[in-house]
Amino acid sequence: MGAADISTKLDGSIPATALIANGAIHDYASIASFLKNYQTVIAVDGGLWHCDAMQIKPDYLFGDLDSVSEGLIQKFPGISIHRFEIDKNETDLYLAIQFAIHELKMKRIGIFGALEKRTDHALANLHLMRSYP
């Protein structure tokens, strides 16, 4: 399913956050264009690699940061980093969703790169998305 199939154009009246996870993104140009509709972009751990490839500077970086290098992080000066312990009960994506809902007060969240690559993460992400209809 392409970005155009996921949502209609956001009109700006509803604040929206895009979460970029570390799963597969097959069409960087289309997703980068679509991300311009979002008020806030959060890179979720290794999703920062996707942001780098799309030349998108996220507003926040969330996670235990076990999937990114210090060199990559340094490419994004001024980014707000929310680092968590590796040994935790929640996934990085869950923590980013909670932040978007409770701290940023977002009513609409788009999640990109949440599937493929690792089956265990993809299944956890599907379960997580089911929790937020």
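This report describes the strands, helices, ring pairs and nonpolar cores of one protein model.

The model is predicted, and for that reason local features need a pLDDT of at least 70, side-chain atom pairs count only at pLDDT 80 or more, and totals for chains, interfaces and linings use all residues. Residues are numbered from 1 along each chain as its sequence is written, and side-chain values use heavy atoms, with hydrogens and water left out.

## Strands and a helix

Helices (H or I, at least four residues) and strands (E, at least two) are DSSP runs that are numbered from the N terminus.

Strand 2, helix 3 (residues 47-54) and strand 3 together make a right-handed β-α-β unit; right-handed here says that, with the strands pointing away from the viewer, the path from the first strand over the helix to the second runs clockwise. Strand 3 (residues 60-63) is covered on both faces, with Tyr-60 and Phe-62 buried on one side and Leu-61 and Gly-63 buried on the other. Buried means under 20% relative accessible area, exposed means over 50%, and partly exposed lies in between (1.4 Å probe, protein chains only).

Helix 5 (residues 92-103) has 12 residues and reaches 16 Å from its first C-alpha to its last, close to the 16 Å expected at 1.5 Å a residue, where the expected span is 1.5 Å times one less than the number of residues. Its buried residues include Leu-93, Leu-95, Ile-97 and Phe-99, and just after helix 5, Lys-105 takes a positive phi of about 60 degrees.

## Aromatic pairs

Rings of Phe, Tyr and Trp (its six-membered ring) pair if their centres lie within 6.5 Å, and planes under 30 degrees apart count as stacked, over 60 as edge-to-face and the rest as tilted. A search of the whole structure finds six aromatic pairs. In one of them, the rings of Phe-34 and Tyr-38 have centres 5.8 Å apart and planes at 70 degrees, so this pair is edge-to-face. Tyr-38 also forms an edge-to-face pair with Phe-112, at 5.9 Å centre to centre and 90 degrees between the planes. Because Tyr-38 lies in the loop between helix 2 (28-35) and strand 2 (40-44) while Phe-112 lies in strand 5 (residues 108-112), this second pair ties together parts that are 74 residues apart in sequence. Tyr-38 is buried, with a relative accessible area of 9%, and Phe-112 is buried too, at 4%. Elsewhere, ring pairs link Tyr-60, Phe-62, Phe-84 and Phe-99 into a cluster.

## Nonpolar cores

A nonpolar core is a set of buried Ala, Val, Leu, Ile, Met, Phe, Trp, Tyr and Cys residues joined through side-chain atoms within 4.5 Å. Of the 23 residues in the largest such core, Ile-20, Leu-35, Leu-48, Met-54 and Phe-112 touch the most other members. Helix 2 gives the most to this core, with four residues. Apart from this core lies another, of 11 residues, among them Leu-93, Leu-95, Ile-97 and Phe-99.

## An exposed loop residue

His-26 lies in the loop between strand 1 and helix 2 and, at 67% relative accessibility, counts as exposed.
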